[in-house]
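Look at the model below with its sequence beside it.

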Amino acid sequence: MKPGFGNKIIILALVMIPVVTNLKNAVSQTTMGILPVYVSPEGTSVPDTRQRQWISSQLHDYLVVQLAGIGTVSKLSREHILLLLKEMPASDPENLDPEAYKIICKKEKLQYLLKCAVESIQVTGNNVLAPVRVIVLDGNTGMVFWEDTVKTNRLISNPEVNDQILLNEVFKPSIDEISTELIILKY
């Protein structure tokens, strides 16, 4: 054995320990896909489809940012979901069956899917009632893993409700509340 060989082994071991530890953490990191946020047209005080689509898009982006701390989070668009499910009969991306969820998770290598819906938006003066429902689906089974509904009832700053007020004063606080619960779950 050459002199200094023992030192090389020690240095190699010191270098490899952090690499193996980081690899272990990367392998065990949660992977989640965020499905598009559904804003129901039924029972809502926001009749304009473009407004509902804008709110949906903004909430989708906000969910991705808020949940980035739990692992690898992917934003899935309606178009992408339809491409993933092209061999299945025409599907509605907002109302899929467990088999479709399993296919999406398998193709995207996801452990979980998050589905969020604004069930209605009722405005009375400065008061907004807007329940937000979040469902986490298990990627292996396509079945519900966790679910919660935040029954948001907030006083807003301006009786003339617009997209920004709804987003900033009603929906973002609801998403913050739900995100905190999801991060605590540490699934």
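The side chains of Lys102 and Glu99 form a salt bridge, with 3.4 Å from N to O. A salt bridge here is a side-chain nitrogen of Lys or Arg within 4 Å of a carboxyl oxygen of Asp or Glu. Both residues lie in helix H4 (residues 98-108), and because they are three residues apart, about one helical turn separates them. An α-helix has 3.6 residues a turn, so residues three or four places apart point the same way. Lys102 is partly exposed at 29% relative accessible area, and Glu99 is partly exposed at 41%. On this scale, buried means under 20% relative accessible area, exposed means over 50%, and partly exposed lies in between (1.4 Å probe, protein chains only). Helices (H or I, at least four residues) and strands (E, at least two) are DSSP runs, numbered from the N terminus.

The model is a predicted one, in which local features need pLDDT of at least 70 and side-chain atom pairs count only at pLDDT 80 or more, while totals for chains, interfaces and linings use all residues. Residues are numbered from 1 along each chain as its sequence is written, and side-chain values use heavy atoms, with hydrogens and water left out.

How many salt bridges are there by this rule? The count is five. One of them joins Arg133 to Glu147, with the closest N and O atoms 2.4 Å apart. This pair links distant parts of the chain, since Arg133 is in strand S6 (residues 127-138) and Glu147 is in strand S7 (residues 144-155), 14 residues apart. Arg133 is partly exposed at 31%, as is Glu147 at 38%. Another salt bridge pairs Arg50 with Asp48, at 3.9 Å between the closest N and O atoms. Arg50 is exposed at 63% relative accessibility, whereas Asp48 is partly exposed at 29%.

Back in H4, Ala100, Tyr101, Ile103, Ile104 and Cys105 are buried. What covers these buried residues includes helix H3 (78-84), strand S4 (112-118) and S6, through contacts (heavy atoms within 4.5 Å). Just after H4, Lys109 has a positive phi of about 55°.

Two other helices pack against each other. The axes of helix H2 (residues 49-66) and helix H5 (residues 163-185) come within 10 Å and cross at roughly 35°. Axes are lines fitted to C-alpha atoms, for helices over the stretch in contact, and angles run from 0 to 180 degrees between N-to-C directions. Among the residues that meet are Trp54, Ile55 and Leu59 in H2, and Leu166, Phe171 and Ile175 in H5.

The nonpolar interior comes last. In soluble globular proteins, nonpolar side chains tend to be buried together. A nonpolar core is a set of buried Ala, Val, Leu, Ile, Met, Phe, Trp, Tyr and Cys residues joined through side-chain atoms within 4.5 Å. Which residues touch the most other members of the largest core? Of its 34 residues, they are Leu67, Leu114 and Phe171. Strand S1 (30-34), H2, S4, S6, S7 and H5 each supply at least two residues of this core, and H5 gives the largest share, eight residues. Leaving aside neighbours within four places in sequence, Leu114 is in contact with residues including Met32, Leu63, Leu67, Val134 and Leu182. Apart from this core lies another, of 16 residues, among them Ile81, Leu85, Ala100 and Cys105.
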